[in-house]
Amino acid sequence: MPVKRIPQSLTKGGVTYRDEPWHKECFVCTGCKTQLAGQQFTSQDEKPYCIKCFGNLYAKKCFGCTKPITGFGGGKYVSFEDKHWHHSCFNCSRCSCSLVGKGFIPDNEDILCRDCNSDL
């Protein structure tokens, strides 16, 4: 015989998510089950995720550092064809100068500034 769960009343310390009340202990990341009350979180398919789980499961990965591009913490990024880079990772493969807002030349898996490309 299945056990029926009796809902417990929220008396204090609740969280509202999608207009529904949650005990803060019950409002957890869908991936790792970490409590989300008081933390930054996001959702996918109406399910809450901590930033780390969301990044690992759903975010684009930076071609430079391979870490997720989440958009949190000023997460600006650059996209070219099917590759994406954090602003801080979008650098010339030879001289490491920033290419954000500048012209660049794709060279197989590398990206080059105009100066490094003209040295070839």
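Modeller: Two strands pair if DSSP finds at least two bridges between them, and strands (E, at least two residues) are themselves DSSP runs, numbered from the N terminus. This is a predicted model, in which local features need pLDDT of at least 70 and side-chain atom pairs count only at pLDDT 80 or more, while totals for chains, interfaces and linings use all residues. Residues are numbered from 1 along each chain as its sequence is written, and side-chain values use heavy atoms, with hydrogens and water left out.

Biologist: In what sense do E1 and strand E2 pair?

Modeller: Strand E1 covers residues 14-17 and strand E2 covers residues 20-23. They form a hairpin with two residues between them, and arginine 18 in the turn has a positive phi of about 55 degrees. Tyrosine 17 stands opposite glutamate 20 in E2. Over four bridges, the sense of the pairing is antiparallel.

Biologist: Which residues make up the covered face of strand E1?

Modeller: In a regular strand the side chains alternate between the two faces of the sheet. In E1 the uncovered face has Gly14 and Thr16, whereas the covered face has Val15 and Tyr17.

Biologist: Is histidine 84 buried or exposed?

Modeller: Histidine 84 has its place in strand E8, residues 83-86. Buried means under 20% relative accessible area, exposed over 50%, and partly exposed in between (1.4 Å probe, protein chains only). Because its relative accessibility is 16%, histidine 84 counts as buried.

Biologist: Which side chain does the side chain of histidine 84 join in a polar contact?

Modeller: A polar contact is a pair of N or O atoms within 3.5 Å; within protein, one must be able to donate a hydrogen and the other to accept it, and residues adjacent in sequence count only if both atoms are side-chain atoms. At 2.7 Å, the partner of histidine 84 in such a contact is the side chain of serine 79.

Biologist: How many disulfides does the structure hold?

Modeller: A disulfide is a pair of cysteine sulfur atoms within 2.5 Å. For cysteine 32, which is in no disulfide, the nearest cysteine sulfur is that of cysteine 53, 3.8 Å away. Cysteine 89 is in no disulfide either, with the sulfur of cysteine 62 as the nearest cysteine sulfur, 3.8 Å away. The number of disulfides in the structure is zero.

Biologist: How is cysteine 89 classed by its relative accessibility?

Modeller: The value for cysteine 89 is 21% relative accessibility, and therefore cysteine 89 counts as partly exposed.
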